[in-house]
Amino acid sequence: MQWPRAVIHVDLDAFYASVEQLRRPELRGRAVIVGGGGDDERRGVVSAASYEARKFGVHSAMPLGRARRLCPHAVVLPVDFTAYRKASSEVFALARQLTPQVEPVSLDEAYLDVTGSIAWLGPPEQMATGLRDRIANVCHLDASCGVATSKLVAKVASDLRKPRGMVVVPAGEEAAFLAPLPLRRLPGLGPAAERQLAGLGLATLGALAAYPIAALRRRLGEHAATSLSERARGIDRSPVTVPERPKSVSREETFVTDVLQRSELHRRLRACSADVGRQLRRGGWSARTATLKLRYADFTTHSRQATWPTPQHGDTVLAEAALRLFDGAWSGEPVRLLGMGVSGIVDAAQLDLFDAAGAPRDTRLDHTLDALRERFGKAAPRRGGAPALRDLDFRGEDLRADGEGDD
Ligand SMILES: [Mg+2]
């Protein structure tokens, strides 16, 4: 079989619930629901359900109260992202043994472009089967894989025979593979679009693919019609993209009115630091150097840097550095812009980042807050009060002080 491009989509089955069953053997074979916010059960939703619970109609995003009524004997557990991140990083490490071209989509999903590995490791379907077996043997987790010439078709394929599914769509057979499937199988085709298409008498992806494009454009508009029609035939040229490590990460805020209170400036700076820290942790990175940017009402701009003895990614350490740089630089005049950045970015030691048991309390809290921000955006809680100051090694102080002139 010829593969002009070979993409594997690997998707862990009932991931959060499986991790819980793995570390609590008494839960294996039982209905497990992961979800809730811990404190406010009434507002909680299901994040994941084991297959034993799904049999009763429980599914993710369902209100927890409803899930409990459907499956009263289920064990309900709080979300523990630290544990899931650790399991996820182990699975992705196995995926990277097949190719460096791995694009994580979420903790339990990734695309692999294995085109370049075929000469060494054999056909992509063999790589996918091997990966699924290693995930089972090494991580003790179930995964489903789809193999196809594009991300789109590989994703539809992996979803088709869960759990422990393995669906291979050979090159040239994409449209025929999708044709009998219902519209909602196509990623990105939401309930609203489905209703619209149903109004045209369309129920399957094959019917959508065969529908005259001109008529579809009149109904849905040029862009949506073209895109849907192509995707229904399995056409998707999007590449597998490996997240790149940036040279620096920064966050700054220009105030609507100049700010004069130290406590308020500290508060804004801590928020910037938390955003920077979150981006570092999301990429699995640490940084060596912290930079403060400070602009006064008259547009004079100052920047101060400090270097840590070892790379850092924790909110407390980042905020601490930013506040110390600020206190050392601020003249007491009104501030127009304040920002915090880091550079000298390196890959964080995996153990430090992901080892739940060994991770300091601060790291675990950072990950908890990250998870909440991923779910709730700006409404999520942030760290409160000033972090305790510790001894830092400020080796590169005041490397630059310049006036840039614009925002
Ligand atoms: Mg999954």
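Select P163 to begin. P163 sits in the loop between helix 7 and strand 8 (166–168). Remember that this is a predicted model. Now show the peptide bond from K162 to P163. That bond is cis, with omega near -10°. Most peptide bonds are trans.

**Helix 7**

Step back to helix 7, residues 151–160. Is this helix mostly covered or mostly uncovered? Mostly covered: seven of its ten residues are buried. Color them to see the pattern: K151, L152, V153, A154, V156, A157 and S158.

**H140**

Next, select H140. This residue lies in the loop between helix 6 and strand 7. Look at the backbone. Phi of H140 is near 60°, a positive value in a residue other than glycine. Most residues other than glycine have a negative phi. H140 has a relative accessible area of 54%, so it counts as exposed; the cut-off for that class is over 50%.

**The largest nonpolar core**

Now go inside. Select F15, Y84, L112, I135 and L141. Of the 38 residues in the largest nonpolar core, these five touch the most other members. Which helices and strands each supply at least two residues of this core? Strand 1 (7–12), strand 2 (32–35), strand 4 (75–77), strand 6 (109–113) and strand 7 (143–148) do. So do helix 1 (15–23), helix 4 (81–95) and helix 6 (124–139). Helix 4 gives the most, with eight residues.

**Helix 1**

Stay with helix 1. Seven of its nine residues are buried, so the rest of the structure largely encloses this helix. Pick them out: F15, Y16, A17, S18, V19, E20 and Q21. What do these buried residues pack against? Show strand 1, strand 2, strand 3 (46–49) and strand 4.

**Helices 11 and 12**

Move on to a helix pair. Two packed helices are described by the angle between their axes and the distance between the axes. Select helix 11 (residues 213–220) and helix 12 (residues 222–232). Their axes come within 7 Å and cross at roughly 135°. Helix 11 and helix 12 are therefore oblique to each other. Helix 11 passes helix 12 in a right-handed crossing.

Show the side chains where they meet. From helix 11, take I213, L216, R217 and L220. From helix 12, take E222, A224, A225, T226, L228 and S229. By class, this contact has six nonpolar, two polar and two charged residues.

**K247**

Follow the chain past helix 12 to K247. This residue is found in the loop between helix 12 and strand 9 (248–259). Is K247 buried or exposed? Exposed, with a relative accessible area of 74%. K247 and V346 are 99 residues apart in sequence, yet their C-alpha atoms are 9.0 Å apart in space. Leaving out residues up to four places away in sequence, K247 touches V342, S343, G344 and I345.

**F299**

Finish at F299. Where is F299? F299 lies in the loop between strand 10 (285–296) and strand 11 (301–312). Check its backbone. Phi of F299 is near 75°, a positive value in a residue other than glycine. F299 counts as partly exposed, at 31% relative accessibility.

Conventions
Residues numbered from 1 in each chain as written. Predicted model: local features only at pLDDT ≥ 70, side-chain atom pairs only at ≥ 80, totals over all residues. Heavy atoms only, no water. Buried < 20%, exposed > 50% of the residue type's maximum accessible area, 1.4 Å probe, protein only. Helix = DSSP H or I, 4+ residues; strand = E, 2+ residues; numbered from the N terminus. Axes fitted to C-alpha atoms, helices over the stretch in contact; angles between N-to-C directions. Parallel < 35°, antiparallel > 145°, perpendicular 65-115°, else oblique. Left-handed = near helix turned anticlockwise from the far one by under 90°. Contact = heavy atoms within 4.5 Å. Nonpolar A, V, L, I, M, F, W, Y, C, P; charged D, E, K, R; others polar. Core = buried A, V, L, I, M, F, W, Y, C linked by side-chain atoms within 4.5 Å.
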